Amino acid sequence: MESSKHIFVLVPSFNEGRVVHTTVTPLLEKGYTVVVIDDCSTDNTFDELKNSGVHYLKHEVNLGQGAALQTGIEYALENGAEYAVTFDADGQHDYTEIPALLQPVIEGKADITMGSRFLRKEDIEQVPPMRKLVLKGAIIVNGLLTGLWLTDAHNGFRAMNRKAMQCIYLRENRMAHASEILSQVKLHKLRFQEVPVKITYTDYSKVKGQSSMNSVNILIDLLLKKIL
Amino acid sequence: MLNIKVILLLPLLVLIILYLPKLRNRTFYRLSLIGISALGILFVLFPSLTDKLAHFVGVGRGADLVTYLFITFFFIAGIAFYSKMRKLEEQQTELVRKIALRDAQKLNHP
(Lines give C-alpha, C1' and ligand atoms only; values in the text may rest on other atoms or scores of the structure.)
Protein backbone atom coordinates (compact mmCIF):
# COMPACT_ATOMS: atom_id res chain seq x y z
CA MET A 1 0.00 0.00 0.00
CA GLU A 2 1.24 3.45 -0.93
CA SER A 3 1.86 5.91 1.85
CA SER A 4 -1.54 7.41 2.63
CA LYS A 5 -0.32 10.97 2.56
CA HIS A 6 0.22 10.75 -1.19
CA ILE A 7 -3.45 9.95 -1.44
CA PHE A 8 -5.34 13.23 -1.62
CA VAL A 9 -8.99 13.12 -0.66
CA LEU A 10 -10.76 16.04 -2.32
CA VAL A 11 -13.84 17.25 -0.50
CA PRO A 12 -15.79 19.97 -2.32
CA SER A 13 -17.90 21.71 0.25
CA PHE A 14 -20.65 24.28 0.04
CA ASN A 15 -22.41 25.20 3.26
CA GLU A 16 -21.73 21.82 4.87
CA GLY A 17 -20.58 23.35 8.15
CA ARG A 18 -22.88 21.07 10.15
CA VAL A 19 -21.24 17.87 8.94
CA VAL A 20 -17.93 18.70 7.33
CA HIS A 21 -15.93 18.12 10.51
CA THR A 22 -17.49 14.69 11.01
CA THR A 23 -16.75 13.87 7.39
CA VAL A 24 -13.07 14.83 7.41
CA THR A 25 -12.06 13.53 10.85
CA PRO A 26 -11.86 9.81 9.97
CA LEU A 27 -10.14 10.66 6.69
CA LEU A 28 -7.41 12.53 8.57
CA GLU A 29 -7.11 9.69 11.08
CA LYS A 30 -6.42 7.32 8.21
CA GLY A 31 -3.50 9.55 7.23
CA TYR A 32 -4.90 10.82 3.96
CA THR A 33 -4.10 14.32 2.81
CA VAL A 34 -7.51 15.94 3.01
CA VAL A 35 -8.23 18.92 0.76
CA VAL A 36 -11.44 20.82 1.45
CA ILE A 37 -12.46 23.13 -1.36
CA ASP A 38 -14.83 25.61 0.22
CA ASP A 39 -17.03 26.87 -2.60
CA CYS A 40 -17.72 30.21 -0.97
CA SER A 41 -19.76 28.84 1.90
CA THR A 42 -21.71 31.38 3.90
CA ASP A 43 -21.89 29.23 7.03
CA ASN A 44 -19.36 28.19 9.66
CA THR A 45 -17.44 25.74 7.42
CA PHE A 46 -14.13 27.49 8.01
CA ASP A 47 -14.53 27.64 11.80
CA GLU A 48 -15.45 23.97 11.89
CA LEU A 49 -12.22 23.11 10.09
CA LYS A 50 -9.94 25.62 11.81
CA ASN A 51 -8.00 23.10 13.89
CA SER A 52 -8.59 20.01 11.84
CA GLY A 53 -5.40 19.65 9.82
CA VAL A 54 -7.04 19.78 6.40
CA HIS A 55 -5.71 21.71 3.45
CA TYR A 56 -8.19 24.50 2.96
CA LEU A 57 -8.87 26.20 -0.35
CA LYS A 58 -11.52 28.82 -0.78
CA HIS A 59 -13.38 29.97 -3.86
CA GLU A 60 -14.13 33.65 -3.38
CA VAL A 61 -17.20 33.24 -5.59
CA ASN A 62 -19.53 30.26 -5.60
CA LEU A 63 -18.77 28.35 -8.76
CA GLY A 64 -20.26 24.92 -8.28
CA GLN A 65 -19.11 21.42 -7.50
CA GLY A 66 -17.43 20.75 -10.83
CA ALA A 67 -15.26 23.83 -10.47
CA ALA A 68 -14.40 22.91 -6.88
CA LEU A 69 -13.29 19.45 -7.98
CA GLN A 70 -11.13 20.92 -10.72
CA THR A 71 -9.49 23.27 -8.21
CA GLY A 72 -8.86 20.31 -5.93
CA ILE A 73 -7.37 18.24 -8.75
CA GLU A 74 -4.98 21.05 -9.67
CA TYR A 75 -3.96 21.46 -6.05
CA ALA A 76 -3.33 17.73 -5.75
CA LEU A 77 -1.21 17.73 -8.90
CA GLU A 78 0.84 20.71 -7.73
CA ASN A 79 1.46 19.16 -4.35
CA GLY A 80 2.69 15.78 -5.39
CA ALA A 81 -0.39 13.60 -5.03
CA GLU A 82 -0.04 10.10 -6.44
CA TYR A 83 -3.74 9.46 -6.25
CA ALA A 84 -6.83 11.55 -5.74
CA VAL A 85 -10.16 10.48 -4.34
CA THR A 86 -13.22 12.68 -4.68
CA PHE A 87 -15.47 12.53 -1.66
CA ASP A 88 -18.74 14.30 -0.85
CA ALA A 89 -18.75 16.52 2.22
CA ASP A 90 -22.28 15.66 3.29
CA GLY A 91 -21.33 12.28 4.71
CA GLN A 92 -23.04 10.06 2.19
CA HIS A 93 -19.84 8.23 1.28
CA ASP A 94 -18.15 5.64 3.48
CA TYR A 95 -14.44 6.32 4.08
CA THR A 96 -13.77 2.61 4.77
CA GLU A 97 -14.48 1.97 1.10
CA ILE A 98 -11.64 4.19 -0.13
CA PRO A 99 -9.06 1.35 -0.22
CA ALA A 100 -11.40 -0.82 -2.32
CA LEU A 101 -12.08 2.09 -4.66
CA LEU A 102 -8.37 2.83 -4.99
CA GLN A 103 -7.24 -0.76 -5.41
CA PRO A 104 -7.67 -1.10 -9.19
CA VAL A 105 -5.92 2.26 -9.64
CA ILE A 106 -2.99 1.39 -7.37
CA GLU A 107 -2.65 -2.02 -8.99
CA GLY A 108 -2.43 -0.25 -12.34
CA LYS A 109 -5.57 -1.86 -13.72
CA ALA A 110 -7.42 1.42 -14.12
CA ASP A 111 -6.65 5.13 -14.37
CA ILE A 112 -9.91 6.06 -12.75
CA THR A 113 -12.52 4.19 -10.75
CA MET A 114 -16.04 5.32 -10.05
CA GLY A 115 -18.23 4.24 -7.22
CA SER A 116 -21.53 2.65 -8.13
CA ARG A 117 -24.48 2.11 -5.86
CA PHE A 118 -26.07 -0.23 -8.36
CA LEU A 119 -23.65 -3.17 -8.24
CA ARG A 120 -24.63 -4.83 -4.96
CA LYS A 121 -28.11 -5.82 -4.00
CA GLU A 122 -27.82 -4.35 -0.51
CA ASP A 123 -26.69 -0.98 -1.93
CA ILE A 124 -29.50 -0.85 -4.46
CA GLU A 125 -32.05 -1.35 -1.71
CA GLN A 126 -30.76 1.81 -0.02
CA VAL A 127 -31.62 4.05 -2.95
CA PRO A 128 -34.95 5.86 -2.56
CA PRO A 129 -37.35 4.99 -5.42
CA MET A 130 -37.59 8.51 -6.82
CA ARG A 131 -33.80 8.88 -6.79
CA LYS A 132 -33.49 5.50 -8.51
CA LEU A 133 -35.75 6.66 -11.32
CA VAL A 134 -33.83 9.91 -11.83
CA LEU A 135 -30.49 8.10 -11.76
CA LYS A 136 -31.63 5.51 -14.28
CA GLY A 137 -32.66 8.35 -16.57
CA ALA A 138 -29.29 10.03 -16.05
CA ILE A 139 -27.48 6.78 -16.85
CA ILE A 140 -29.28 6.63 -20.19
CA VAL A 141 -28.57 10.30 -20.96
CA ASN A 142 -24.90 9.84 -20.06
CA GLY A 143 -24.69 6.73 -22.18
CA LEU A 144 -26.20 8.45 -25.19
CA LEU A 145 -24.10 11.58 -24.85
CA THR A 146 -20.75 10.01 -23.98
CA GLY A 147 -20.97 6.46 -25.27
CA LEU A 148 -20.00 5.12 -21.86
CA TRP A 149 -22.63 2.95 -20.27
CA LEU A 150 -22.17 2.78 -16.54
CA THR A 151 -24.41 1.38 -13.83
CA ASP A 152 -24.52 4.64 -11.85
CA ALA A 153 -24.56 8.33 -12.66
CA HIS A 154 -23.68 11.33 -10.56
CA ASN A 155 -21.84 9.34 -7.98
CA GLY A 156 -19.28 11.74 -6.51
CA PHE A 157 -17.09 8.94 -5.15
CA ARG A 158 -14.15 8.40 -7.52
CA ALA A 159 -10.45 7.57 -7.42
CA MET A 160 -7.83 8.44 -10.01
CA ASN A 161 -4.12 8.36 -10.68
CA ARG A 162 -1.96 11.27 -11.86
CA LYS A 163 -2.55 10.45 -15.49
CA ALA A 164 -6.30 10.81 -15.04
CA MET A 165 -5.83 14.00 -13.01
CA GLN A 166 -3.75 15.49 -15.80
CA CYS A 167 -6.17 14.48 -18.55
CA ILE A 168 -9.37 15.59 -16.90
CA TYR A 169 -10.20 19.25 -17.17
CA LEU A 170 -13.68 20.20 -16.02
CA ARG A 171 -15.28 23.14 -17.76
CA GLU A 172 -18.79 22.44 -16.53
CA ASN A 173 -18.74 24.31 -13.28
CA ARG A 174 -21.98 22.94 -11.97
CA MET A 175 -23.40 19.47 -11.76
CA ALA A 176 -23.05 18.53 -15.42
CA HIS A 177 -19.39 17.81 -14.62
CA ALA A 178 -20.27 14.21 -13.77
CA SER A 179 -21.09 13.56 -17.41
CA GLU A 180 -18.16 15.68 -18.48
CA ILE A 181 -15.77 13.40 -16.60
CA LEU A 182 -17.16 10.49 -18.59
CA SER A 183 -16.67 12.27 -21.93
CA GLN A 184 -13.08 12.99 -20.98
CA VAL A 185 -12.45 9.44 -19.86
CA LYS A 186 -13.63 8.42 -23.29
CA LEU A 187 -11.70 11.17 -25.12
CA HIS A 188 -8.38 10.39 -23.44
CA LYS A 189 -9.00 6.64 -23.54
CA LEU A 190 -8.52 6.36 -19.79
CA ARG A 191 -8.97 2.91 -18.37
CA PHE A 192 -11.87 2.92 -15.95
CA GLN A 193 -13.66 0.55 -13.62
CA GLU A 194 -16.76 0.72 -11.51
CA VAL A 195 -16.49 -0.33 -7.90
CA PRO A 196 -19.50 -1.10 -5.70
CA VAL A 197 -19.99 1.48 -2.95
CA LYS A 198 -22.58 2.22 -0.35
CA ILE A 199 -24.39 5.55 -0.32
CA THR A 200 -25.84 6.52 3.02
CA TYR A 201 -29.01 8.50 2.62
CA THR A 202 -29.31 10.41 5.84
CA ASP A 203 -32.09 12.92 6.29
CA TYR A 204 -29.40 15.57 6.10
CA SER A 205 -27.92 14.42 2.81
CA LYS A 206 -31.38 14.04 1.33
CA VAL A 207 -32.19 17.64 2.10
CA LYS A 208 -28.78 18.91 1.09
CA GLY A 209 -28.43 16.69 -1.95
CA GLN A 210 -29.76 17.60 -5.32
CA SER A 211 -33.45 17.77 -5.81
CA SER A 212 -34.71 15.51 -8.52
CA MET A 213 -35.91 18.55 -10.40
CA ASN A 214 -32.34 19.72 -10.78
CA SER A 215 -31.69 16.80 -13.10
CA VAL A 216 -33.70 18.72 -15.68
CA ASN A 217 -31.24 21.60 -15.37
CA ILE A 218 -28.30 19.26 -15.74
CA LEU A 219 -29.86 17.79 -18.86
CA ILE A 220 -30.34 21.25 -20.37
CA ASP A 221 -26.72 22.18 -19.54
CA LEU A 222 -25.50 19.05 -21.27
CA LEU A 223 -27.61 19.59 -24.36
CA LEU A 224 -26.56 23.24 -24.62
CA LYS A 225 -22.97 22.14 -24.47
CA LYS A 226 -23.52 19.65 -27.27
CA ILE A 227 -25.15 22.27 -29.46
CA LEU A 228 -23.15 25.41 -28.75
CA MET B 1 -49.83 66.06 -31.93
CA LEU B 2 -46.62 64.19 -31.52
CA ASN B 3 -45.95 62.30 -34.67
CA ILE B 4 -45.26 58.56 -34.31
CA LYS B 5 -42.24 59.05 -36.54
CA VAL B 6 -40.66 61.36 -33.99
CA ILE B 7 -41.33 58.88 -31.19
CA LEU B 8 -39.69 56.09 -33.16
CA LEU B 9 -36.78 58.15 -34.45
CA LEU B 10 -35.73 59.63 -31.12
CA PRO B 11 -34.54 56.40 -29.46
CA LEU B 12 -32.70 55.42 -32.64
CA LEU B 13 -30.83 58.70 -32.70
CA VAL B 14 -30.08 58.53 -28.99
CA LEU B 15 -28.77 55.01 -29.52
CA ILE B 16 -26.36 56.17 -32.20
CA ILE B 17 -25.20 59.22 -30.30
CA LEU B 18 -24.65 57.27 -27.09
CA TYR B 19 -23.06 54.10 -28.35
CA LEU B 20 -21.17 54.98 -31.49
CA PRO B 21 -18.36 56.75 -29.62
CA LYS B 22 -18.20 53.95 -27.04
CA LEU B 23 -17.57 51.19 -29.52
CA ARG B 24 -14.09 52.35 -30.34
CA ASN B 25 -11.90 49.76 -32.07
CA ARG B 26 -14.85 47.47 -32.58
CA THR B 27 -15.45 47.96 -36.23
CA PHE B 28 -17.92 45.11 -36.61
CA TYR B 29 -20.23 46.38 -33.89
CA ARG B 30 -19.89 49.95 -35.14
CA LEU B 31 -20.84 49.05 -38.68
CA SER B 32 -23.72 46.90 -37.45
CA LEU B 33 -24.99 49.73 -35.29
CA ILE B 34 -24.78 52.20 -38.16
CA GLY B 35 -26.35 49.78 -40.64
CA ILE B 36 -29.22 48.69 -38.44
CA SER B 37 -29.99 52.22 -37.23
CA ALA B 38 -29.90 53.57 -40.77
CA LEU B 39 -32.29 50.86 -41.86
CA GLY B 40 -34.53 51.65 -38.90
CA ILE B 41 -34.57 55.36 -39.71
CA LEU B 42 -35.27 54.63 -43.34
CA PHE B 43 -38.19 52.37 -42.48
CA VAL B 44 -39.63 54.89 -40.02
CA LEU B 45 -39.44 57.73 -42.53
CA PHE B 46 -40.68 55.69 -45.49
CA PRO B 47 -42.83 52.83 -44.15
CA SER B 48 -43.93 51.90 -47.67
CA LEU B 49 -40.39 50.65 -48.26
CA THR B 50 -41.00 47.76 -45.88
CA ASP B 51 -44.04 46.72 -47.92
CA LYS B 52 -42.02 46.72 -51.11
CA LEU B 53 -39.26 44.74 -49.48
CA ALA B 54 -41.81 42.35 -48.00
CA HIS B 55 -43.37 41.65 -51.39
CA PHE B 56 -39.92 41.15 -52.79
CA VAL B 57 -39.09 38.37 -50.31
CA GLY B 58 -42.59 36.91 -50.39
CA VAL B 59 -44.07 38.23 -47.16
CA GLY B 60 -47.55 39.76 -47.18
CA ARG B 61 -47.07 42.95 -45.19
CA GLY B 62 -44.11 45.14 -44.31
CA ALA B 63 -45.02 45.10 -40.63
CA ASP B 64 -44.87 41.29 -40.67
CA LEU B 65 -41.45 41.37 -42.26
CA VAL B 66 -40.19 43.73 -39.56
CA THR B 67 -41.55 41.39 -36.88
CA TYR B 68 -39.81 38.37 -38.43
CA LEU B 69 -36.55 40.24 -38.69
CA PHE B 70 -36.86 41.35 -35.10
CA ILE B 71 -37.40 37.80 -33.87
CA THR B 72 -34.41 36.56 -35.86
CA PHE B 73 -32.14 39.28 -34.50
CA PHE B 74 -33.43 38.63 -31.02
CA PHE B 75 -32.38 34.98 -31.17
CA ILE B 76 -29.02 35.74 -32.71
CA ALA B 77 -28.39 38.28 -29.97
CA GLY B 78 -29.45 35.70 -27.38
CA ILE B 79 -26.95 33.18 -28.63
CA ALA B 80 -24.21 35.80 -28.82
CA PHE B 81 -24.91 36.87 -25.24
CA TYR B 82 -24.95 33.26 -24.09
CA SER B 83 -21.53 32.49 -25.49
CA LYS B 84 -20.18 35.76 -24.17
CA MET B 85 -21.53 34.83 -20.76
CA ARG B 86 -19.95 31.39 -20.92
CA LYS B 87 -16.63 33.00 -21.75
CA LEU B 88 -16.89 35.43 -18.86
CA GLU B 89 -17.83 32.55 -16.58
CA GLU B 90 -14.75 30.64 -17.68
CA GLN B 91 -12.54 33.65 -17.04
CA GLN B 92 -14.09 34.17 -13.63
CA THR B 93 -13.54 30.50 -12.79
CA GLU B 94 -9.91 30.72 -13.78
CA LEU B 95 -9.42 33.79 -11.63
CA VAL B 96 -11.20 32.38 -8.59
CA ARG B 97 -9.23 29.13 -8.96
CA LYS B 98 -5.92 30.96 -9.14
CA ILE B 99 -6.72 32.85 -5.94
CA ALA B 100 -7.84 29.66 -4.19
CA LEU B 101 -4.63 27.85 -5.15
CA ARG B 102 -2.45 30.81 -4.23
CA ASP B 103 -4.06 31.26 -0.82
CA ALA B 104 -4.33 27.57 0.04
CA GLN B 105 -3.53 26.96 3.69
CA LYS B 106 -2.97 23.97 5.87
CA LEU B 107 -5.16 24.35 8.93
CA ASN B 108 -3.06 22.98 11.74
CA HIS B 109 -3.96 21.00 14.79
CA PRO B 110 -4.00 23.16 17.95
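1. Let me start where the two chains meet: there are 5 residue pairs in polar contact between chain B and chain A, with both residues of each pair at pLDDT 80 or more. Please keep in mind as you read that this is a predicted model. Salt bridges between chain B and chain A number 0.

2. Which elements of chain B make up the side that touches chain A? Helix H4 (62-102) and strand S1 (105-106) of chain B each supply at least two residues. The largest share of that side comes from H4(B), with 12 residues. Sorted by class, the side of chain B that touches chain A has 9 nonpolar, 5 polar and 6 charged residues.

3. On the extent of the contact, 27 residues of chain A and 20 residues of chain B take part. About 2000 Å² is buried between chain B and chain A, and carbon and sulfur atoms give 59% of that area. Within chain B, the residues that lose the most area to chain A are B:Arg97, B:Leu101 and B:Leu107, which together make up 33% of what that side buries.

4. Strand S3 (residues 55-58) of chain A is joined to S1(B) by 2 bridges, and the two strands run antiparallel. Within this pairing, B:Lys106 in S1(B) stands opposite A:His55.

5. Stepping back to the whole sheet, you will find an open arrangement of 8 strands with mixed pairing, in the order S7(A)-S5(A)-S6(A)-S4(A)-S1(A)-S2(A)-S3(A)-S1(B). Which strands stand at the edges? They are S7 of chain A and S1 of chain B; each has a single partner strand, so one side of each is left without a neighbour in the sheet.

6. Now to the salt bridges within chain A. A:Asp94 pairs with A:Lys198, and their closest N and O atoms are 3.5 Å apart. A:Asp94 sits in the loop between strand S4 (83-86) and helix H4 (98-106) of chain A, while A:Lys198 sits in the loop between strand S7 (192-196) and helix H9 (203-208), so this pair ties together parts that are 104 residues apart in sequence. Is each partner buried or exposed? A:Asp94 counts as buried, at 16% relative accessibility, whereas A:Lys198 counts as partly exposed, at 34%.

7. Another pair in chain A is A:Glu107 with A:Lys109, where the closest N and O atoms are 2.9 Å apart. Here A:Glu107 is partly exposed, with a relative accessible area of 43%, and A:Lys109 is exposed, at 52%. Chain A also has a network of salt bridges that links A:Glu97, A:Arg120, A:Glu122 and A:Asp123.

8. Chain B has a salt bridge worth a look too: the side chains of B:Arg61 and B:Asp64 meet at 3.0 Å, N to O. B:Arg61 is exposed, with a relative accessible area of 51%, while B:Asp64 is partly exposed, with 22%.

9. How enclosed is helix H8 (residues 177-187) of chain A? Of its 11 residues, 8 are buried, so the helix is largely enclosed by the rest of the structure. Among the buried residues of H8(A) are A:Ile181, A:Leu182 and A:Val185, and also A:His177, A:Glu180 and A:Gln184.

10. Finally, two backbone angles deserve a glance. Most residues other than glycine have a negative phi. Just after H8(A), however, A:Lys189 takes a positive phi of about 55 degrees. A:Lys189 lies in the loop between H8 and S7 of chain A and is exposed, with a relative accessible area of 68%. A:Cys40 likewise has a positive phi, near 60 degrees; A:Cys40 is found in the loop between strand S2 (33-38) and helix H2 (45-49) of chain A.

Key: Residues numbered from 1 in each chain as written. Chains lettered and ligands numbered in written order. Predicted model: local features only at pLDDT ≥ 70, side-chain atom pairs only at ≥ 80, totals over all residues. Heavy atoms only, no water. Salt bridge = Lys/Arg side-chain N within 4 Å of Asp/Glu carboxyl O. Helix = DSSP H or I, 4+ residues; strand = E, 2+ residues; numbered from the N terminus. Buried < 20%, exposed > 50% of the residue type's maximum accessible area, 1.4 Å probe, protein only. Contact = heavy atoms within 4.5 Å. Buried area = accessible area lost by both parts, 1.4 Å probe. Polar contact = N/O pair within 3.5 Å; in protein donor to acceptor, adjacent residues only side chain to side chain. Nonpolar A, V, L, I, M, F, W, Y, C, P; charged D, E, K, R; others polar. Pairing = 2+ DSSP bridges.
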